[in-house]
Amino acid sequence: MVGQRPLEPLIQVRILAPEPLCILDSLMPELPEVETVRRGLAPCLVERRLASLTVTDKKVLDRSATAANLEALRGQKFRSVSRRGKYLVLKLETRYLVIHLGMTGQLTLRDPEKADSPGFRRTITGLEWTEQYQPDKHTHVHIELDNGKWLLFRDTRKFGRIFVLPGAPEDLEAFFTRKRLGLEPFTPDYELTSFLKRFRGKTLRLKSLLLNQAFVAGVGNIYADEALFEAGLHPARRASGLRRAEKERLFKAIELVLERGVRFGGTTLRDFVNTEGEKGSNQEMLNVYGRGGEPCLRCGATIVKTVISQRGTHFCPECQPRGRSRRHQSR
Ligand SMILES: [Zn+2]
């Protein structure tokens, strides 16, 4: 049986074997992955109408997604597809449909007119092979559009959530206030003064600080490690111990790694696919994440894999010294 299956992509083999923790840590789509999905959805949804919505497992529904609220979506036109942190926001005429992909959530578009091709054959759970393009037992929500196409929400672990909110902008704002989302990268909101202010009173380790969605929205385990590498900061350092120049480096590094993630269509270590069912390629651009034991691409030192704040964390001991970096100490 096993011998008949196509070989798994190299990147998965490399990470599955030596770094089991990595898999759990990497399951959650972060800003670049969610943005990749948003970009795929927008041209297919905007100005289309929602013809029907079928839910086969209510576990993925938030309390706000009542039967009445879901029914109200029928016939409504999609006005826009936006994103806040890791949340996708589908604006319809009188409601917002807000989707969080959780750990293994996938949103794909299915065109019944188009024949399934072998190109859509993907390993989804790491345990089984399935037709990504076809709904299966993990496809919990089917949304049919007025042009006959389908938007499918598939989630093996069911940590994803679907919310239905009233359609006024203040309702959406209140929702995100309750979710305590911090600065939004790539918006005017993300500027240095606000960023520096958020360090006040913070004694957390840098890794924890970056994972906290109330600090900068959308950063998760992969991009936190990558941003700290770019900034040359050790993940276990305390936020309170950073000099201004170091905070400025981190400010720039976060946007840099997120921008790169978006440019390469997101990072796929296992589950993430875009709306066409295709993997991202940013995993090939990672400097430290998933590279424990391998040489640093900048200095050749061995990348360290450790656990900080209960999360698998990767860093270069040379490029990210534990103490303040020398160039700042000498001042
Ligand atoms: Zn290095």
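Visitor: Among the contacts in the chain with a separation of 6 or more, what share do residues 24 or more positions apart account for?

Guide: This is a predicted model. In it, residues 24 or more positions apart account for 67% of those contacts, counted at a separation of 6 or more.

Visitor: How many helices and strands does the chain have, and how much of it counts as buried?

Guide: The secondary structure comes to 10 helices and 12 strands. The chain has 331 residues, and 43% of them count as buried.

Visitor: How should I read a nonpolar core, and which residues have the most contacts inside the largest one here?

Guide: In soluble globular proteins, nonpolar side chains tend to be buried together. Here the largest nonpolar core has 65 residues, and Leu97, Val219 and Ala227 are those with the most contacts inside it. Helix α8 gives the most to this core, with seven residues.

Visitor: Why does this core lie between domain 1 and domain 2?

Guide: Domain 1 (31-178) and domain 2 (192-216 + 219-329) both give residues to the core, so it lies between them.

Visitor: Which residues is leucine 97 in contact with, leaving aside its neighbours within four places in sequence?

Guide: With those neighbours left aside, leucine 97 is in contact with Leu73, Leu90, Leu92, Ile162 and Val164.

Visitor: Back to α8. How many of its residues are buried?

Guide: Helix α8 spans residues 221-231 and is mostly covered, with 11 of its 11 residues buried. Among them are Ile222, Leu228 and Phe229, as well as Asp225, Glu226 and Glu230.

Visitor: What is the phi of phenylalanine 186, and where is its place?

Guide: Phenylalanine 186 is a residue other than glycine with a positive phi, near 65°. Its place is in the loop between α5 (169-178) and α6 (192-197).

Visitor: Why does phenylalanine 186 count as partly exposed?

Guide: Phenylalanine 186 counts as partly exposed because it has 14 C-beta neighbours inside 10 Å. A residue would need 20 or more to be buried.

Conventions
Residues numbered from 1 in each chain as written. Predicted model: local features only at pLDDT ≥ 70, side-chain atom pairs only at ≥ 80, totals over all residues. Helix = DSSP H or I, 4+ residues; strand = E, 2+ residues; numbered from the N terminus. Buried ≥ 20, exposed ≤ 12 C-beta atoms within 10 Å, placed from the backbone. Contact = placed C-beta atoms within 7 Å. Core = buried A, V, L, I, M, F, W, Y, C linked by C-beta atoms within 7 Å. Domains from an automatic or database assignment.
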